Amino acid sequence: MELNEIIQPENLVYRKPKLLNDNAMHYCPGCSHSVIHKLIAEVVEDMGMEERTVGVSPVGCAVFAYNYIEIDWLEAAHGRAPAVATAVKRLNPSKMVFTYQGDGDLAAIGTAETIHAANRGENIVIVFVNNAIYGMTGGQMAPTTLMGMPTSTCPYGREAALNGYPLKISDLLAQLEGVCLVTRQSVQTVAAVKKAKKYLRMAFENSMAGKGTSIVEFVSTCASGWKQSPEKANKWMEENMFPFYPLGDLKNV
């Protein structure tokens, strides 16, 4: 495209990805899920994999992901997305297969499935949305809830003696031989969104190249569960979540 074509008004208008349909999303205002959905749709389009991508979404806030991104989807039982994705990829090696999971799903009821799929080096992508709370069911404490962080089930804050410590599941997954990429990203700024998109594409390319399991963790907000405005939730995330869940690569081979 010539420079004079690029600067034409019609080329300067933001266009949403074609794979995102016009259905109104059910996510709360300020929720990170909607931005992550957009990035997935963009990456799949950029790679020309619209007809070959399969998403697996279990129970949680993203249970209706199939309603927004126009690709093939499967619903999995709570926590079992990596097991379902394993079957899809092994039976259809030419497909680009990913799971889309929250912290309660991936790091609680689905810990075993996640660890063993990753340890086998299944050629799938695990998109992990970590907002440190059970957002869908009323804001209960999750395995990733920070120390001292109040939730509906620990209203005075998480205590080690009573509740144990926050689980850094991505750090554990990075130790497994079958894992080729573990990265922790966010989507609260334009720069963060651009960087996250780069890593999502890297993860999908890894899966198609047969390099093993890739995990892209998104440190995210839950304005409703945290009982904050979207703006304050982003600031709270930067000041409290990022020090404990620092952004960047945990493993990249």
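Two rings of Phe, Tyr or Trp, with the six-membered ring taken for Trp, form a pair if their centres lie within 6.5 Å. In this predicted model, Trp 73, Phe 98 and Phe 204 form one aromatic cluster. A search of the whole structure finds 6 aromatic pairs.

The pair of Trp 73 and Phe 98 is edge-to-face. Trp 73 belongs to strand β2, residues 72-75. Phe 98 belongs to strand β3, residues 96-102. The pair therefore ties together parts that are 25 residues apart in sequence. Both Trp 73 and Phe 98 are buried.

Phe 98 also pairs with Phe 204. Here the centres are 5.6 Å apart and the planes stand at 85 degrees. Planes over 60 degrees apart count as edge-to-face, so the pair of Phe 98 and Phe 204 is edge-to-face. Phe 204 lies in helix α9, residues 190-208. Because Phe 98 lies in strand β3, the pair ties together parts that are 106 residues apart in sequence. Phe 204 is buried, as is Phe 98.

Ile 71 touches Phe 98 as well. Its place is in the loop between β1 (53-57) and β2. Ile 71 has a relative accessibility of 11%. Buried means under 20%, so Ile 71 counts as buried. Other contacts of Ile 71 include Leu 19, Val 44 and Glu 50. Thr 53 and Gly 55 are also among them. Val 54 is 17 residues from Ile 71 in sequence. In space, the two C-alpha atoms are 6.5 Å apart.

A charged side chain meets a ring elsewhere. Lys 168 lies over the face of Phe 244, at 4.3 Å from the ring centre.

Backbone angles were also examined. Most residues other than glycine have a negative phi. Ala 132 has a positive phi, near 65 degrees. Ala 132 is placed in the loop between β4 (125-130) and α7 (160-163). The relative accessible area of Ala 132 is 0%, so Ala 132 is buried. Lys 227 is not a glycine, yet has a positive phi of about 60 degrees. Lys 227 sits in the loop between α10 (223-226) and α11 (230-244). The relative accessible area of Lys 227 is 70%. Exposed means over 50%, so Lys 227 is exposed.

How values were computed: Residues are numbered from 1 along each chain as its sequence is written. This is a predicted model: local features need pLDDT of at least 70, side-chain atom pairs count only at pLDDT 80 or more; totals for chains, interfaces and linings use all residues. Side-chain values use heavy atoms; hydrogens and water are left out. Rings of Phe, Tyr and Trp (its six-membered ring) pair if their centres lie within 6.5 Å; planes under 30 degrees apart count as stacked, over 60 as edge-to-face and the rest as tilted. Helices (H or I, at least four residues) and strands (E, at least two) are DSSP runs, numbered from the N terminus. Buried means under 20% relative accessible area, exposed over 50%, partly exposed in between (1.4 Å probe, protein chains only). A charge sits over a ring if NZ of Lys or CZ of Arg is within 6 Å of the ring centre and within 35 degrees of the ring normal. Contact means heavy atoms within 4.5 Å. Lists of a residue's contacts leave out its neighbours within four places in sequence.
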